[in-house]
Amino acid sequence: MFGVISYMLFQYFIASLAAFRASKSAGKLSNKLLISSGLSAVSVISAIGILLGYGALTYNPSGFGFDLFSGNVVPSILLLVGIVVASLIWFEVARYIRKKNGVDVSTIFKEIPPE
């Protein structure tokens with residue numbers, strides 16, 4: 001169960017961090033986007049803390065914590081870290097290949113391509 005919950009929270013946390021980064025260049029909406037991304041990151045961190053705290057308090061063979069931490073915590077955490085590492089490697093390889101072809105990947109979303 002920890003795996004499924006952690007994947008959902010992980011994706012939401014990455015989205016809130018992306019919104020936080022996008023708030024720097026959002027123009028008029030930058031303050032609202034900054035506030036909402038900060039609140040969403042805090043809510044995810046709070047949800048993780050409550051989940052892990054409650055799981056630790058109820059860790060016995062008939063409690064919620066036993067089901068939550070039933071031997072799959074280490075593989076789940078390794079998978080989450082592996083997803084981040086693999087995506088960073090994938091991006092760098094794609095950027096290198098595109099750079100060899102003469103395409104600057106950093107300007108893809110900064111300017112409108114010619115028709």
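Q: Is Ile97 buried or exposed, or something in between?
A: Buried means under 20% relative accessible area, exposed over 50%, and partly exposed in between, using a 1.4 Å probe and protein chains only. Ile97 has 41% relative accessibility, so Ile97 counts as partly exposed. Keep in mind that this is a predicted model, where local features need pLDDT of at least 70, side-chain atom pairs count only at pLDDT 80 or more, and totals for chains, interfaces and linings use all residues. Residues are numbered from 1 along each chain as its sequence is written, and side-chain values use heavy atoms, with hydrogens and water left out.

Q: Where does Ile97 lie?
A: Helices are DSSP runs (H or I, at least four residues), numbered from the N terminus. Ile97 lies in helix H4, residues 73–100.

Q: What about Ser16: buried or exposed?
A: Ser16 is in helix H1. With 4% relative accessibility, Ser16 counts as buried.

Q: Which residues does Ser16 touch?
A: Contact means heavy atoms within 4.5 Å. Not counting residues up to four places away in sequence, Ser16 touches Ser37, Ser40 and Ala41.

Q: And which residues is Ala19 in contact with?
A: Ala19 belongs to helix H1, residues 2–22. Leaving aside neighbours within four places in sequence, Ala19 is in contact with Leu33 and Ser37. Ala19 counts as partly exposed because its relative accessibility is 21%.

Q: How many residues apart in sequence are Ala19 and Gly38, and how far apart in space?
A: Good thing to compare! Ala19 and Gly38 are 19 residues apart in sequence, and 8.8 Å apart in space, C-alpha to C-alpha.

How values were computed:
Helix = DSSP H or I, 4+ residues; strand = E, 2+ residues; numbered from the N terminus.
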